[in-house]
Structure formats: C-alpha cells, structure tokens
Amino acid sequence: MTNYSKDRYSTDVLVIGGGIAAVFAATRATEAGAKVIVVDKGSIGRSGQTPFASGMTIFDEESGHDRANWHRILEENSKKLNNPAYLDMYMDYSKEIYSDLEKWGATNTGFGKVFRDKLLANGNIKVIERTMITTLLEENGHIVGATGFKLDSEEAVLIKAKTVILCTGAGGFKPNGFQVGSLTFDGDAMAYRIGAKISGKEFVDTHDTNSETPAYCWGLPFQRKWSMGLPKETDGPVDGGGMALDLSSAIEAHKGLIPVEMKRPEGPPPGGDNPPMDKRPKGDRPPMGKKPEGRPEEGKAHLEMSGDMVGGASAGLSVHKAEGLFPSDDKCATNIKGLYAAGDCLSSMLVGPIYNGVVGFSVTGSAVQGSVAGKVAAKYAKGKSFINISDSKMSAAIDEIFEPLKKEKGYSPGWVEHLIQGILTPYYVLFIKDKDRLESALTMVEFYKDHFLPNLKAEDLHDLRKVNEVKNMLLNAEMKLRSSLFRTESRGNHYREDYPDQNDKEWLAWVVMEKGPDGKMKLEKFPVKDFKKLIA
Ligand SMILES: Cc1cc2nc3c(=O)[nH]c(=O)nc-3n(C[C@H](O)[C@H](O)[C@H](O)COP(=O)(O)OP(=O)(O)OC[C@H]3O[C@@H](n4cnc5c(N)ncnc54)[C@H](O)[C@@H]3O)c2cc1C
C-alpha cells in the first residue's frame with residue numbers, strides 16, 4: 001500500500017476534460033440537478049483544442065436550412081460513413097448552444113476565460129485542474145470512478161462517481177504543427193483498458209503546416225482574428241465539400257506526380273525562429289473553395305519541402321469526431337454502464353471519414369454532444385447509490401501511478417516519445433498506407449510496448465505525466481495501425497496503396513475494436529445501417 005496522500009471525492013457526475021464538451025456536459029448536468037466534478041490535466045477552456053476553435057456552424061430552419069438536404073449532403077460528402085443519428089442530434093441542439101454562448105458572452109471574447117469563470121461560479125461544480133486522470137475504475141461492467149495524480153504535488157486523487165462523462169478530446173503523437181500537443185488520446189486508452197469499444201482510428205486528419213516553421217499551423221492567422229468574435233456561419237454544408245481537406249494531393253505527390261522539391265529553405269531552419277509578422281501568411285478566412293493567401297500553389301501541396309505547406313501537422317490525430325469511444329446509442333452512452341463520452345473522444349462520425357468542407361461542425365459538435373451527455377448522465381445518476389470500490393483495486397491503481405517515480409533505473413518517457421514519433425509521423429505510414437509498412441510499424445510498436453513500457457522511469461511529476469501519455473500514445477498507435485490494416489479499401493481520409501478503391505460492397509461499415517478475452521485487440525466490422533437497430 002502506498003504512502004502517497006490521497007484526495008478523496010465523490011460525485012453524481014464526474015466530467016473528465018475541460019474543453020467545450022466538458023463545459024456543456026457539466027453545466028447541463030447541474031441544470032438537471034446533479035452534483036458534478038470536472039477534472040482537467042491542464043486548465044478549463046485553455047487546454048486541448050477548444051481555445052483554438054473559432055468558426056461555428058448552426059443548423060437553423062429559420063435561415064432556410066433543410067434537414068433532409070443536410071442529411072443528403074453529409075452522407076454524400078462523407079462517403080456514406082457518417083452517423084445520421086449524431087447529425088440529427090447536432091441539428092436539434094446547435095442553435096440552442098450558440099444562443100447560450102451568446103448569453104455567456106463567449107461569442108465576443110473567445111472561449112477560455114468565459115468557460116473557466118462559468119464553471120468556477122457554479123456552486124454545484126467542483127473544478128480540479130492540473131490533475132491527470134490515469135485510470136477509470138469499473139466493477140462488474142459498471143463505471144464507479146477514476147484515479148489520477150496532481151501535477152504540482154505528489155498526491156493521488158480518488159473520485160467515486162455514479163456516472164463518468166469522458167470529454168478528454170482527441171490526440172496526436174505530440175506533433176509540432178496543429179495544436180494538439182497536450183492531447184494523447186487518454187480517454188480512449190483508459191476506456192479501452194476497462195473494456196470499452198473504440199472506433200474511427202484509421203481516418204487521418206489532414207491539416208498542414210509550413211516546412212520552415214513547422215510549429216506554425218495555417219490556422220493561426222485566422223485564429224488570431226476570429227477568436228475575438230465567433231462567426232455564426234449559417235451557410236451549412238456544401239455539395240462536394242468533402243474535398244476541402246483530403247489526402248488527394250499527398251497521394252499524387254507520393255506517386256511522383258508532383259515533384260518533391262528538397263531544396264533547403266532560406267532563413268531559419270525548421271524548428272527555428274518564427275518569421276517576422278510581416279512575412280507570415282496573411283488574409284481573412286477565404287471563401288469556401290478558395291485557398292487562403294500563403295497556401296501552396298496548385299500542384300505543390302503537402303510534400304513540397306521548400307518552405308511551403310507540408311502535411312503531417314497533426315500527426316496521429318484522426319478527422320475530428322471520427323475517433324473515440326464507439327457509442328452504444330444516439331445519446332453518447334457507451335458499452336460500459338454509466339460511462340458516457342462526448343466531443344472529440346466520441347466516435348460519433350458526425351462528418352464521417354473526411355472533413356465536409358465547412359468549418360464549425362467540430363467545436364459545435366463537441367458542445368452539442370456534451371450538453372446531451374450531461375443531461376442523460378444526470379438523469380442516470382438520480383436515485384442511484386454509489387457502487388463500492390474495493391480497497392485493493394484502489395490501492396493497486398495508485399501504486400501503479402507512482403511506480404515510475406520509484407524506479408532507480410529505466411527509460412526516459414521523452415526518449416520513447418521520440419521513438420514513437422519517428423515510427424508514426426512519416427507520411428508513408430499513417431497517411432499513405434500499405435500492408436508491409438503498417439506491419440513493420442506495428443512490429444516496432446509492439447516491441448516498444450513489451451520492452452519499454454514496463455521500464456519507464458519518471459524523474460519528476462512532469463515526467464510522470466509523460467509516462468502515462470506515452471502509454472496512451474502507444475496503445476492508440478496500435479489501434480491506428482491495426483484498424484488501418486483491417487480496412488482493406490480506401491475511403492475518405494484512409495488511403496491504402498494496396499487497396500486503392502472504395503469498396504461499398506464490403507465496407508459500408510465502421511471498424512470497432514475492443515480488448516478480447518485473451519487481452520489482445522479484437523477488431524470487427526459494424527455495418528453503418530445496423531446503428532438504427534441499436535437505437536430502435
Ligand atoms: C488550431 C485549431 C483550430 C480549430 N478550429 C476550429 C474551428 O474553427 N471550428 C471548429 O468547429 N473546430 C475547430 N477546431 C476543432 C475544435 O477545436 C475541437 O474539435 C473541439 O474544440 C474539441 O472540443 P472537446 O471539448 O471535445 O476537446 P478538447 O477541447 O480537446 O478538450 C479536451 C480536454 O481534456 C483534457 N484531458 C485530456 N486528457 C486528460 C486526462 N487524462 N485527465 C484530465 N484531463 C484530460 C485536456 O487537457 C483538454 O482540456 C480547431 C482545432 C484546432 C487545434
């Protein structure tokens with residue numbers, strides 16, 4: 001039994017994460033009468049992806065939006081792999097969400113401070129920041145709480161909960177481009193370990209960055225301007241919009257159809273100083289279908305190395321809303337009783353395996369799903385009593401958390417993180433895929449899992465966070481490689497050189513995985529049409 005001091009809490013609803021999904025989950029749960037705890041490994045509204053989002057898309061019948069037409073366009077653009085039930089949820093609640101954000105003042109100032117103040121001012125919400133949740137606790141298929149540790153003192157945190165809503169966002173292999181560096185698929189990994197089903201891991205995000213300054217995602221010039229006032233973009237999805245952010249130019253380049261220039265950029269080397277303000281790409285958000293100023297010339301996308309845009313900015317991330325816990329209904333429930341997921345850690349397939357060419361589905365979708373999960377979880381918790389967590393289970397979970405700090409010798413998690421990046425960041429592994437390359441990457445991932453994970457050593461609490469993140473990244477790497485191997489076709493942002501065609505006969509299905517009875521990853525197809533049966 002460990003001597004580390006423990007903070008113990010109990011609550012009706014535990015919300016893990018502090019982005020927009022969490023803010024709406026917590027708020028709606030308290031409106032429905034629940035006591036709520038919100039835990040974030042960073043801080044509310046300022047960590048994860050939420051602070052970077054700006055554009056929102058609202059479904060508004062008064063503005064002439066047509067439900068059937070949105071369904072038709074999304075289905076076509078998403079290569080028939082979107083989940084219409086979650087589009088319905090979106091259309092039901094996005095206007096209400098926007099109206100709340102207006103009332104809160106978030107449409108004038110951006111999200112961060114407004115969200116944090118909103119939760120701190122709510123007497124029924126306890127906010128715990130800079131605390132990483134590492135383990136979900138489950139008894140007989142029912143969620144019973146979670147454990148983690150504080151990042152600023154060697155203290156464990158134990159939270160007993162009647163229900164848990166995961167709002168932990170998505171993840172990446174800590175790329176230096178798109179701003180997902182703090183996200184390492186923690187929710188997906190923790191939930192998988194207790195038996196949750198996971199899906200959508202084979203579809204890659206395609207945001208690009210600049211080869212001279214790889215930490216500079218093209219989104220930034222717009223964020224600075226737009227985060228000061230949220231636009232209400234009511235145009236909705238457009239026919240053919242799925243081409244806006246897809247893999248086609250990367251595939252062309254890979255085939256040698258676009259020359260890959262390897263000339264060394266002038267000015268600071270990659271990773272060096274940012275260019276002066278007057279040299280950075282400028283411009284307002286471009287109209288749909290037009291490239292913003294500063295983006296590559298036609299035919300020079302993604303692999304051109306001369307200082308223009310290159311791919312892989314978000315290495316490891318999936319298309320927003322594609323990856324995450326597989327829903328067991330149309331209200332954010334999962335196959336673990338009492339465990340809900342919302343936002344970027346729910347595989348809601350809201351826009352399917354490709355971006356639909358319209359901004360705003362992602363952040364609005366997280367808020368909508370959070371709001372629904374909050375209401376449903378509060379209702380579920382009502383009248384339920386706490387399920388007892390055995391002392392041995394709690395002690396084991398805490399001992400496991402601090403074990404890397406006690407090691408005298410071991411591998412540094414930072415070093416293992418670099419190894420993971422080396423295997424999974426190159427475009428020819430997760431972007432342009434092929435059986436042999438996927439299998440060789442998987443061989444290395446399995447070796448890292450067996451050899452390095454049991455021997456990770458943490459020097460301090462920052463390292464301890466990294467140990468857990470590396471574990472979660474490796475598990476997710478395995479999910480991404482296995483689901484990419486399993487899906488023997490190309491569709492949306494999943495491209496296999498050895499299976500270049502879309503195969504509707506075999507693959508109008510999602511790949512769902514879970515931990516099998518032998519501890520190995522078990523994968524199966526879930527036909528899209530069968531989701532209706534699940535919610536009937
Ligand atoms: C640069 C950029 C621009 C974007 N622009 C837009 C846009 O204009 N429009 C749009 O619709 N979408 C946009 N997006 C996407 C959008 O921001 C996300 O889809 C959305 O904000 C996700 O919200 P979320 O609450 O689901 O997750 P997140 O905001 O990612 O929040 C997840 C939270 O969980 C916490 N967490 C994770 N693991 C743990 C753990 N183990 N313990 C405790 N806490 C944990 C994190 O610290 C984080 O606070 C953009 C994203 C980026 C990066």
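T134 is found in strand β5. Strands (E, at least two residues) and helices (H or I, at least four) are DSSP runs, numbered from the N terminus. This is a predicted model: local features need pLDDT of at least 70, side-chain atom pairs count only at pLDDT 80 or more, and totals for chains, interfaces and linings use all residues. Residues are numbered from 1 along each chain as its sequence is written, and side-chain values use heavy atoms, with hydrogens and water left out.

Stay with T134. Is T134 buried or exposed? T134 is buried, because its relative accessible area is 9%. Buried means under 20% relative accessible area, exposed over 50%, and partly exposed in between (1.4 Å probe, protein chains only). The T134 side chain also makes a polar contact with the side chain of T135, at 3.3 Å. A polar contact is a pair of N or O atoms within 3.5 Å; within protein, one must be able to donate a hydrogen and the other to accept it, and residues adjacent in sequence count only if both atoms are side-chain atoms. Beyond its neighbours within four places in sequence, T134 is in contact (heavy atoms within 4.5 Å) with T147, G148, F149, M190, R193, I401 and N468.

Now turn to the ligand. A polar backbone atom of I20 is 3.2 Å from an oxygen atom of the ligand. For C167, a backbone N or O atom lies 3.4 Å from a ligand oxygen. For D344, a polar backbone atom is 2.9 Å from a ligand oxygen. Taken alone, the ligand exposes 1,000 Å², and the protein buries 97% of that. These areas come from the Shrake-Rupley method with a 1.4 Å probe.

Next comes the nonpolar interior. In soluble globular proteins, nonpolar side chains tend to be buried together. A nonpolar core is a set of buried Ala, Val, Leu, Ile, Met, Phe, Trp, Tyr and Cys residues joined through side-chain atoms within 4.5 Å. The largest here has 95 residues, and V15, L136, I165 and L166 touch the most other members. Helix α3 (residues 84-104) supplies the largest share of this core, 10 residues. Apart from it lies another core, of 44 residues, among them V416, L424, V445 and Y495.
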